[in-house]
Amino acid sequence: MIAIPGDTPASSISGLIADESAIGMVNQKTTAVRIIPVIGKGVGESVQFGGLLGAAPIMPINRFSCEAFINRKGRIPAPIHSFKN
């Protein structure tokens, strides 16, 4: 579970999800990530979710744009399996 600033662009969140999917695909494993944009919080602050959900620090996100990658609309090349031993 990763808490991120609420002003993070949608393309950056989509890029994080695509990265996580790529890691799972290359490793041939099921992976997951919970990305929670927290409105009104900045990097370094923390958020309390309450109850058994606990707390999380607001993590910094790379500010480089994922716009060009996300605009490919799902056309992600297949992984190369020949590099495996």
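Below is a short chat about this predicted model.

Colleague: What should I know about the model before we start?
Modeller: It is predicted, so local features need pLDDT of at least 70 and side-chain atom pairs count only at pLDDT 80 or more, while totals for chains, interfaces and linings use all residues. Residues are numbered from 1 along each chain as its sequence is written, and side-chain values use heavy atoms, with hydrogens and water left out.

Colleague: Thanks! How many helices and strands does the chain have?
Modeller: There are 2 helices and 4 strands, in the order β-α-β-β-β-α from the N terminus. Helices (H or I, at least four residues) and strands (E, at least two) are DSSP runs, numbered from the N terminus.

Colleague: Where does Ser11 lie, and is Ser11 buried or exposed?
Modeller: Ser11 lies in helix 1, residues 10-27. Ser11 is buried, because its relative accessible area is 11%; buried means under 20%, exposed over 50%, partly exposed in between (1.4 Å probe, protein chains only).

Colleague: What does Ser11 touch, leaving out residues up to four places away in sequence?
Modeller: Cys66, Glu67 and Ile70, where contact means heavy atoms within 4.5 Å.

Colleague: Switching topic: what about Ile2, which strand does Ile2 lie in?
Modeller: Strand 1, residues 2-5. Ile2 is partly exposed, since its relative accessible area is 34%.

Colleague: And what share of the chain's residues is buried?
Modeller: Buried residues make up 19% of the 85 residues. Also, among contacts with a separation of 6 or more, 64% are between residues 24 or more positions apart.
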